[in-house]
Amino acid sequence: MQALPAPLQAAINHLLGQAAWAREKLAPFAGHAAQIKLPPFEAAFLIGADGSISAPAADAVLEVSIALPATTPLLALQGKDAVMRAARIEGSAEFAAALGFVIRNLRWDAEEDLSNLVGDIAAHRIVGGTREFAAWQRQAAQNLAANLAEYFTEEQPLIARQADIAAFAEDIDRLRDDVARLEKRLQRLA
């Protein structure tokens with residue numbers, strides 16, 4: 001069984017070090033091992049007594065398996081919730097629930113880490129500017145998607161509009177009902 005790479009373990013432990021609540025949530029599962037599968041990679045980790053993670057022993061029993069689809073990197077662009085919806089978690093229900101809760105709610109306090117390097121005010125401004133830039137990028141991507149959708153539905157009709165599909169479905173329902181009534185009338189006449 002292969003352990004999580006050391007830099008990834010260090011990064012996760014750094015995040016856990018910033019979140020006492022997460023370590024408290026994981027501490028009752030000290031000695032429990034879990035595995036993450038992201039094709040073609042598989043890696044395992046062990047929960048320590050203090051709630052941090054480490055490499056498991058070679059003969060450790062995996063109590064939870066988290067299987068992620070190969071499309072996870074693309075799903076990550078949509079946010080952590082999209083990744084969590086696609087993940088399949090198997091094994092101990094309590095341990096899996098605790099891991100899921102920590103994964104969903106663990107956040108990196110970049111401003112705190114950056115303040116150690118450049119000071120509080122500069123860190124606050126850098127992180128704020130980065131958030132604004134990321135929000136602008138998200139909005140630009142949404143605008144592009146909306147413009148492309150409008151272009152392909154209105155100008156180059158390669159995609160049917162939702163209203164047109166709904167109207168078509170209503171017409172089919174009406175036609176089906178009319179044919180059924182006509183068949184009943186014909187049966188009465190016969």
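**A chat about helices, a core and salt bridges**

Trainee: Where is the place of V118?

Mentor: V118 sits in helix α6, which covers residues 110-118. Helices (H or I, at least four residues) and strands (E, at least two) are DSSP runs numbered from the N terminus. Residues are numbered from 1 along each chain as its sequence is written. This is a predicted model, where local features need pLDDT of at least 70, side-chain atom pairs count only at pLDDT 80 or more, totals for chains, interfaces and linings use all residues, and side-chain values use heavy atoms, with hydrogens and water left out.

Trainee: Thanks! Is V118 buried, exposed or partly exposed?

Mentor: V118 counts as partly exposed because its relative accessibility is 43%. Buried means under 20% relative accessible area, exposed means over 50%, and partly exposed lies in between (1.4 Å probe, protein chains only).

Trainee: New topic. How many salt bridges are there?

Mentor: The count comes to 4 salt bridges. A salt bridge here is a side-chain nitrogen of Lys or Arg within 4 Å of a carboxyl oxygen of Asp or Glu.

Trainee: What about D171 and R174?

Mentor: Their side chains meet in a salt bridge at 3.0 Å, N to O. D171 and R174 are 3 residues apart in helix α8 (residues 162-189), so about one helical turn separates them. D171 is partly exposed at 41%, and R174 is partly exposed at 44%.

Trainee: Which residues are linked in a network of salt bridges?

Mentor: That would be D173, R176 and D177. D173 meets R176 at 3.2 Å, N to O, while R176 meets D177 at 3.5 Å, N to O. D173 and R176 are 3 residues apart in helix α8, so about one helical turn lies between them. D173 is partly exposed at 35%, and D177 is partly exposed at 36%.

Trainee: Where is L189 found?

Mentor: L189 is in helix α8, and it counts as exposed because its relative accessibility is 73%.

Trainee: Let's go inside. Which residues touch the most other members of the largest nonpolar core?

Mentor: L16, F45, V64, F95 and L99 do, out of 23 residues in that core. The elements giving two or more residues to this core are α2 (20-26), β2 (41-47), β4 (62-67) and α5 (93-105). Of these, α5 gives the most, with 5 residues. A nonpolar core is a set of buried Ala, Val, Leu, Ile, Met, Phe, Trp, Tyr and Cys residues joined through side-chain atoms within 4.5 Å.

Trainee: What does L99 touch?

Mentor: Not counting residues up to four places away in sequence, L99 touches L26, A34, F45, V64 and I66. Contact means heavy atoms within 4.5 Å.

Trainee: Which strand does Q35 lie in?

Mentor: Q35 lies in β1, residues 33-38, and counts as buried at 13% relative accessibility. Its side chain makes a polar contact of 3.1 Å with the side chain of E42. A polar contact is a pair of N or O atoms within 3.5 Å; within protein, one must be able to donate a hydrogen and the other to accept it, and residues adjacent in sequence count only if both atoms are side-chain atoms.

Trainee: What kind of peptide bond joins P39 and P40?

Mentor: A cis one, with omega about 5°. P40 is in the loop between β1 and β2.
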